[in-house]
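Here's a quick tour of one structure, arranged by topic. Have the viewer open and follow along.

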Amino acid sequence: MSVAATRRLTTAQALVRFLAAQYTERDGARHRLIAGTWGIFGHGNVAGLGQALVEYREAMPYHQGRNEQAMVHAAVGHARQLNRLSAQAVTTSIGPGATNLVTGAALATVNRLPVLLLPGDYFASHAADPLLQQLEHPVEADVSVNDALRPVSRYFDRITRPEALLASALKAMRVLTDPAETGAVTLALPQDVQAEAYDWPEEFFADRIWRVRRPAPDPAELAEAVQVIRSAARPLIVAGGGVHHSEAEGALRTLVDATGIPVASTQAGKGALRHDHPADLGGIGHTGTAVSDELARTADLVIGVGTRYSDFTTASGTLFQHPGVRFLNLNITAFDAHKLAAGTLVCDARAGLTALAEALPGHRVDAAYETEYRAGKARWEETVEAVFRADDDGAVPTQTQVLGALDAVVGDEDVVINAAGSLPGDLHKLWRARSPRQYHLEYGYSCMGYEIPAALGVQQAAPGTPVWALVGDGTYLMNPTEIVTAVQENLPVKLVLVQNHGYASIGGLSESVGAERFGTDYRHRVADGSFTGAPLPVDLAANAASLGMDVLRAKTVRELREALTTARAATRPTCVYVETAPARTALPAEAWWDVPVAEVSGREAATGARKSYERAVADRRHHL
């Protein structure tokens with residue numbers, strides 16, 4: 001009887017060797033599953049994973065981060081750019097390094113994007129107890145701060161013995177590569193276990209391929225879906241992020257070209273059709289276009305493809321107002337497919353769209369409906385041109401003119417990244433996406449500080465591609481640290497830093513709900529305690545320069561265009577800094593969003609806002 005071959009390694013060494021041998025495969029194309037590891041070292045991981053990463057640095061690329069949350073954002077950007085077929089790992093020490101992962105993990109899981117988290121943990125042996133940064137619980141000795149990652153992880157395990165990694169590592173890879181379950185995966189690693197040696201079976205380190213499935217639609221569900229589509233007079237497709245993750249843009253275009261059904265997109269789904277396709281109506285919902293929202297109100301069938309129907313998309317349940325509106329949801333997860341009491345096609349987006357196109361030969365919407373939405377699209381294009389246009393090149397640009405200047409500079413291959421503030425609304429309404437990967441909005445979690453680190457991950461995934469991070473001053477101040485990483489790694493990301501002296505988006509919302517813009521300006525306090533004084537003497541451009549970026553300051557529309565052109569050609573990290581005109585020219589919301597207003601108040605602004613709220617909430621429907 002032969003003895004199986006083993007290799008004596010520490011747990012950390014075994015994990016790094018295992019991760020380096022994992023691959024995904026879809027449609028015959030193979031990708032490395034864990035393309036690299038981000039890390040910040042402390043006593044909880046430096047002697048374990050730190051030693052393993054230096055020992056096997058040729059097998060596992062390492063990237064040095066400056067903030068743990070930002071490292072997760074970078075990994076998320078990388079995974080999204082590569083359609084979830086490749087991911088990155090993130091290692092931290094115990095204590096604050098580990099808890100800093102929570103926001104990034106929530107963002108990854110909300111957006112269904114894979115990232116592997118490897119935080120250090122307390123001694124499994126309790127030999128040192130309590131150790132530095134350990135959270136002591138009086139009745140649960142096995143609790144650590146890493147337990148905060150449980151609700152935001154799709155899979156969680158604490159590896160308290162080396163051999164426990166054998167099963168847990170495989171389970172972690174399964175979740176990372178399952179399009180219906182993916183998100184943040186956490187393997188908490190006690191620091192003594194990281195350094196403990198074990199005789200590992202050689203099979204553990206063999207190359208392993210995880211095939212990313214494309215489940216086909218159930219025949220009965222498909223037949224019912226075809227019947228529903230054929231009976232609809234005013235169908236509307238809502239394209240979500242699942243279209244991109246499945247690489248289903250071509251299948252969507254084939255279906256739309258054949259049937260004439262128009263397409264509106266969520267923040268995650270924008271770019272599913274190129275902006276100049278005659279059936280592409282742009283964004284939908286609270287930040288959507290006029291033409292999309294007008295059609296949504298009268299649609300008798302809403303076909304959701306790869307969307308989870310957030311409240312922005314549905315205008316908090318007030319958007320779809322046709323008395324007999326029905327929903328048909330094509331989604332790889334039954335959880336999302338069943339939303340809004342919909343008929344379901346639980347399958348891969350590309351497989352489902354292809355099956356629908358093949359099952360609908362000769363079917364096309366009424367010519368009058370096509371004429372209607374194409375006319376609406378043309379009117380909206382005129383609106384976009386008007387707000388992008390600057391009649392005076394020597395004037396200080398508005399925020400929408402900043403987007404217009406960038407629109408004139410980018411090519412089809414460029415990637416534009418944003419996440420929070422007033423820019424997502426303007427971008428969803430106005431940006432003209434030229435390719436499936438150009439529009440990169442993180443709006444599932446809408447996390448301030450996402451943009452700069454995500455740009456690093458995207459740049460790593462797509463070297464040679466111009467990558468733009470668009471941030472306002474509020475977002476910039478949340479997380480500028482990875483500028484240093486961009487410089488260190490020689491990643492030529494482009495940062496467009498828009499200075500508008502405060503939280504423009506939440507300031508406008510505050511005013512509309514009776515909170516009177518309180519606490520939303522970056523200005524000096526005045527006598528009554530409010531923030532209505534002069535702008536603070538803060539120079540964010542100088543800050544970016546101090547962190548190693550080349551900085552181009554633009555004061556006028558003309559200078560802005562020149563600076564953006566220069567930045568696009570730059571071969572090192574470059575910031576374009578522009579202070580926008582105080583009067584916003586952004587377009588008003590085309591649909592409502594539910595932010596409850598104080599039911600009683602002694603202030604006139606709040607009582608007036610409450611009356612408006614009550615009128616709006618009366619339109620909410622429960623789709624049953």
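Buried means under 20% relative accessible area, exposed means over 50%, and partly exposed is what falls in between. By that cut-off C447 counts as buried, because its relative accessibility is 7%. One thing to keep in mind: this is a predicted model.

**Cysteines**

- As for disulfides, the structure holds zero of them.

**Nonpolar cores**

- In soluble globular proteins, nonpolar side chains tend to be buried together.
- The largest nonpolar core here has 82 residues, and the members touching the most other members are I237, L252, L356, W468, L470 and L564.
- Which helix gives the most to this core? That's α15 (residues 367–388), with six residues.
- Apart from this core there's another one, of 47 residues, with L107, V458, A469 and V493 among them.

**A helix pair: α1 and α6**

- Two packed helices are described by the angle between their axes and the distance between the axes.
- For α1 (residues 11–19) against α6 (residues 164–177), the angle is about 35° and the axes are 12 Å apart.
- The crossing of α1 past α6 is right-handed.
- On the α1 side the contact uses T11, L15, F18 and L19, and on the α6 side L165, A169, L170 and M173.
- Sorted by class, that contact of α1 with α6 has seven nonpolar residues, one polar and no charged.

- Q191 sits in helix α7 (residues 191–195). Is Q191 buried or exposed? Q191 counts as buried, because its relative accessibility is 15%.
- Not counting residues up to four places away in sequence, Q191 touches H43, G44, I94, D121, Y122, F123 and L131.
- V238 belongs to strand β12 (residues 235–239), and V238 counts as buried because its relative accessibility is 0%.
- What does V238 touch, beyond residues up to four places away in sequence? The list runs A264, T266, I284, V302, I303, G304, V305, T307 and T313.
- From V238 to A184 you go 54 residues in sequence and, C-alpha to C-alpha, 26 Å in space.
- D407 is part of helix α16 (residues 399–409). With a relative accessible area of 6%, D407 is therefore buried.
- The contacts of D407, not counting residues up to four places away in sequence, are F388, W431, R432 and R434.
- D407 and A195 are 212 residues apart along the chain, and their C-alpha atoms are separated by 52 Å.

**Partly exposed, in a strand**

- V346 is in strand β17, and its relative accessible area of 28% is why V346 counts as partly exposed.
- Leaving aside neighbours within four places in sequence, V346 is in contact with A216, E221, N331, I332, T333, A334 and A337.
- N329 is 17 residues from V346 along the chain, and their C-alpha atoms are separated by 7.9 Å.

- Going from D129 to P130, the peptide bond is cis, with omega near 0°. P130 is in the loop between β7 (115–121) and β8 (155–158).
- D27 isn't a glycine, but its phi is positive, near 55°. You'll find D27 in the loop between β2 (22–26) and β3 (29–32).
- D27 counts as partly exposed, because its relative accessibility is 47%.
- Phi of A341 is near 55° too, again a positive value in a residue other than glycine. Where is A341? Look in the loop between α13 (334–337) and β17 (343–346).
- With a relative accessible area of 46%, A341 is therefore partly exposed.

How values were computed. Residues are numbered from 1 along each chain as its sequence is written. This is a predicted model: local features need pLDDT of at least 70, side-chain atom pairs count only at pLDDT 80 or more; totals for chains, interfaces and linings use all residues. Side-chain values use heavy atoms; hydrogens and water are left out. Axes are lines fitted to C-alpha atoms, for helices over the stretch in contact, and angles run from 0 to 180 degrees between N-to-C directions. Helices (H or I, at least four residues) and strands (E, at least two) are DSSP runs, numbered from the N terminus. A crossing is left-handed if the near helix is turned anticlockwise from the far one by less than a right angle, and right-handed if clockwise. Contact means heavy atoms within 4.5 Å. Ala, Val, Leu, Ile, Met, Phe, Trp, Tyr, Cys and Pro count as nonpolar, Asp, Glu, Lys and Arg as charged, and the others, Gly among them, as polar. A nonpolar core is a set of buried Ala, Val, Leu, Ile, Met, Phe, Trp, Tyr and Cys residues joined through side-chain atoms within 4.5 Å. Buried means under 20% relative accessible area, exposed over 50%, partly exposed in between (1.4 Å probe, protein chains only). A disulfide is a pair of cysteine sulfur atoms within 2.5 Å.
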